[in-house]
Amino acid sequence: MKHFLLLAALLLPAATLPAQDDAAAGYRPGAVPVELTKDWAILEGGRFKPLDSFARELLVQVSGRRSSELDGISALELMWGVVLDPDAFLSRPYVRIDNNDLKQQLGLNPSERRFPFTTLAASSELNRIAMAGFQKDEAGDTPTPVERDAMLVWNKLQRLDQLAAGKSLAIVPATEAGQPWLSPAALIGAPEGMPGQEVVAPWEKLKSAFQAADAAAFAEAAGELGPILRRLGGDSYPAASDLALEVRYNEWDLFGKASLLYLVGFLILLTIGRGKERLMYKVGLGVVGLGFLGHGAGIVMRWLIAGRAPVSDMFESLVFMGWGVIAIGIVLEQVYRKGFFGMAAGSLGFIALAAARWLPPTVMDSSIRPLMPVLRNTSWLSIHVMTIMLSYSAFALAMGIGHIVMFKQLFQPGRTNQLRTLSTLLYKTIQVGVLFLGAGIAFGAIWANESWGRYWGWDPKETWSAITFFVYLAVIHARYAGWIHNFGLAASSIASFMAVLFTYYGVNYVLGAGLHAYGRGTGGQIYVFSYLGAELLLVLAALWRYNLAVKTGRITPAVD
Amino acid sequence: MTDPGQNLLLRAFRFLGSVQMAMILIVACAIAMIAGTLIESDLGREMAALRVYHTPWFWGLQIMIAVNLAVAVINRLPLKRHQYSFAVVHLGFILMLAGGLITSMFGYEGRLYVTEGQSSNELVLNSRELIVRGTEAQAAMDVPTGAALAGTRLMEATQGFPSVDVLEYVPLGRTVQSLEAGAAGDPPGLAYSILPAHGPDDDHGHAPEVTGWLLAGDPAAAVRDHNVIEIGIEAFADAEAFADRTAAAPVAADGEFAVVIERGLGFPPVRIPLPEGLGRTTDLGGGLVARVESFARHAMVGSGGIVDSPDGRWNPAAVVVLTRDGVEERHTVFSLHPDFKVVKGGGDTPFADAVRLEAPAGAGLRPALRFLVDPTGELYVQEEGPSGRNAARPIAAGGRVAIPGYDYALVVDAYHPHARAGLRAIRLPANGNEGSPLLRVRLTDEAGSAETWVQLGRETPLALGGRSWLLKYAYKTRPLPFRVALDDFRVEFHPGSRRESEYASTVKVSPLADGPEPVDTVISMNRTLDYMGFRLFQSSYILGRNGGPDTTILSVNHDPGADVVYLAFAVLILGLCWYVTGDGRKKRAAAAAPAAVTSAAEPAPQPAAPPQIETVSS
């Protein structure tokens, strides 16, 4: 079946494709006011969303570009182009290929990143490699990286093909609630009296207006079609305010902006001590605080759009963890007022949000998706996840403070007052983390008991959260017993964070077992080991400087 | 005054509650848990439980932790104010461990299977047992999952029962029965394949290859029915009986072929014997005449009628033509298929009530292949068919026999003069989701010992010294104090898809003896029921086939430890809050920096004072 669809795709554009290069090259972006359609509703991926979101998700998937435009053409315009003028648009280079070996095997230029649909769809070699990969997948084997990328490219081609063939733009409401929606192209040629017929005429007008780059005609057709769609949907059509909210969420890009504000705030706080301390301190914290407001607003908006607490996947939990870092950091900064919490929080908030916002879409999926039914209707799940993420935030903050200690030891060894102060801050942060982690584990156990009668099942994710708890317990007890002092505490906070990372990320991607598994060994081990190596180097270097300072008498370990 | 023994005891006791002990236990427990998750990732959930989580030493570790937590508090009695939070936290942990202990000792859970229109109170547990059933009595024994099973003796030999040992345990696997070489005294057996006669690249399509095996004397395996042919094996200990049996024995068909026409209405049936009556016209009276137009013993139906193909299947048939007033009615009748009538022509009403072809007694024999084994163990094969039996001829492994009447051949893959039906175990990946747990069990009594594989959920026979036993490895069951009756089970799907959105059981739950009021309610994915100390969840279901009644699978849980654990959580969280926000600080600062007179860390908020930022230069 898969073969058949792609074959159909191969034949269709090739057969109807005259020399379009002139038209394609002459296309003027923005010639047609597509923004008029951005808040039309589409039923896709199990939920209602505005066309704006659909177009952006399409752009991300096909071109790997998480932004609103490509080569000067907006995502929405690209989407309409594929739907209304496939001949022109499918010959433009939009489909991204990452794997250089695959490009070579297909005879493509390895320094190019994006290629036209028409070229790729005509490649039987690509088809062959992708099919080999799919077969391996079904048999339970592991496809090679080349095959895996070919499979991804094949899926991108499928998506474009279905759009171009008029199949997947489900903007026409169904007659009964709960039924899938229709694409306008599907209604052309439908029998008389089929509901939704009135969509056809304005749709044809829209199409010819787009192809002719006639702004006025497009606006008129859109103005006709929009209200018709809304009327057809009746009560089941999403509220205009909801759609507008999501469009605004997309356009404002609050997480990206907050991330940059955190970076700026952190840099400002770094400069404290070059004069104008009090002012720079306030400005720096203010910038971080501003970012925090935007960050929080983004979370609230996402909560409203998704209809549930936004903690259900990697993207959302990472965003929430970043928020937690800033929140706890701000609170503790108000308590201690040394500037260190502001610095640690700002830098970590920036890293967390930047990772969430800018990691490639193959690794980080930021689209809003509905929850699995088994997970719905329970507030315990949200409470559990949020508490755990807050504990990770606290431990991340502690790790941040630990880094400050390491850098200070590297560059200013022997500053005993600072060392002691930082150590106290660190200890308090770890305590907060232990509290939230203990509570989070407890909430998770309660949720599990209420949902399926077992409060503890030794699932790897559960077990690793307990391991992390024990790790930090060990740090606390070691400090209590006097086995580690200030420097030791800082080094421990960095090392212990590995446990947090493994619990958060490793269980899913490295272990590949248990209920939370995504598959063993898909976890990008290179990055993990590089990170571990870098941290180890940092601690060792700082330790060496610290020991030097101890030997020369500038630091007394029992006190410091 | 201080007795050295008492001193030692005291110091040992102090050590039990020391920070050093705590660190040892924390590290040991963390390492154990890490090992557990790695084992689970490689070898599966069950192995991880067997090797770590359900082992005595892991339990011992947890008990030691509880002891350490308690003694740590006892060592510091009477407590000072700033130590209260630490005591509360430790108490919370102790309670949690206690709750866990209660759950593991007194808690149980299982599944309840209820079919629509029926009720059940039989809880299927997760623990397993082995039942050994003899002719008069049976013995049941627990099969533990918390320890290494290989080499465990499950039961000592007692009155009438052999001893039972587990030799091996396979977490996930499958048993397959196959023929294997046996020992002297075992009956003969052979394995065969049935193939298209002209080889696998025969263009008649992809006829599946059939394989099978036979074991003489075994009621389940001496004869195999392959629909169009029967295959059997028989061993002979007596040379004379063997010689009689292997001789050719054509069957004298008793009787003759005849077409029988029944007219009803008081007319007697008319018999036209064949082949003598072929072609002759018989007057049936009332203007009706009958004529047998054609007759074939190996009939194949063609466009013009039937043709006799002597190499074809035994299929006696005749074409009978009934004529009245010039109107013809043609009947094609088959002796092997009396209900299959083909009637052509005729008028509005049938000319006769029934027309059929009678075959002589014994002439409708199905083809069969008989393997015969002489007293010295030589193998012979004999064909049986409608015309009787051929003389048996020798055949060896690799030999080929044509299947009479069909375009297939049988090949003898292997022959063992002494054979056994062995049960083989195939091991499947322990962290996969195929297969069932398997046990290799050995029974031993005065007569010797015998062993076999037993698969969870199946019964396996085992013969030992003339006695035959039935072994069953199954989940234990336990009666509940109440009964659940299923009125209706419903699955809802997301519109336009096959993903379930909800499933719900409408049930009536009533106590068996005195108890609370019966309850009519719905148990669904998001709605549990608490009844008589048990909690019932909607777990899964089995849909009835062909519109038959559905079966709901409820998960039932009894956990007296859960409430203790909930209490522990509350205590623990309160204690941690207390610890973080306060009083413990002084003690920790004092302990960490005993020489410092002034505490350098000043965490108390001072909103009035300007922020103290340490600059690089100062």
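**Exercise 1.** Is B:Leu574 buried or exposed?

*Solution.* Start with the ground rules: this is a predicted model, where local features need pLDDT of at least 70, side-chain atom pairs count only at pLDDT 80 or more, and totals for chains, interfaces and linings use all residues. Residues are numbered from 1 along each chain as its sequence is written, chains are lettered from A and ligands numbered from 1 in the order in which they are written, and side-chain values use heavy atoms, leaving out hydrogens and water.

Step 1: find the residue. B:Leu574 sits in helix α7 (residues 561–581) of chain B; helices (H or I, at least four residues) and strands (E, at least two) are DSSP runs, numbered from the N terminus.

Step 2: get the cut-offs. Buried is under 20% relative accessible area, exposed is over 50%, and partly exposed is in between (1.4 Å probe, protein chains only).

Step 3: decide. B:Leu574 has 59% relative accessibility, so it counts as exposed.

**Exercise 2.** Which residues of α3(A) and α9(A) make the contact between these helices?

*Solution.* Step 1: look at the axes. Those of α3 (residues 51–63) and α9 (residues 145–164), both of chain A, come within 9 Å and cross at roughly 145°. Axes are lines fitted to C-alpha atoms, for helices over the stretch in contact, and angles run from 0 to 180 degrees between N-to-C directions.

Step 1: list the partners. Contact means heavy atoms within 4.5 Å. From α3(A) come A:Phe54, A:Glu57, A:Leu58, A:Gln61 and A:Val62, and from α9(A) come A:Asn155, A:Lys156, A:Arg159, A:Leu160 and A:Leu163.

Step 2: sort them. Ala, Val, Leu, Ile, Met, Phe, Trp, Tyr, Cys and Pro count as nonpolar, Asp, Glu, Lys and Arg as charged, and the others, Gly among them, as polar. That gives 5 nonpolar, 2 polar and 3 charged residues.

**Exercise 3.** Where is B:Asn546, and what is its phi?

*Solution.* B:Asn546 lies in the loop between β35 (534–542) and β36 (551–558) of chain B.

Step 1: read the angle. The phi of B:Asn546 is about 55°, a positive value although this isn't a glycine. Most residues other than glycine have a negative phi.

Step 2: check the surface. B:Asn546 has a relative accessible area of 82%, so it is exposed.

**Exercise 4.** Which residues does the cis peptide bond join?

*Solution.* Step 1: name the pair. They are B:Leu77 and B:Pro78, with omega about -10°.

Step 1: locate the proline. B:Pro78 is in the loop between α4 (56–75) and α5 (84–106) of chain B.
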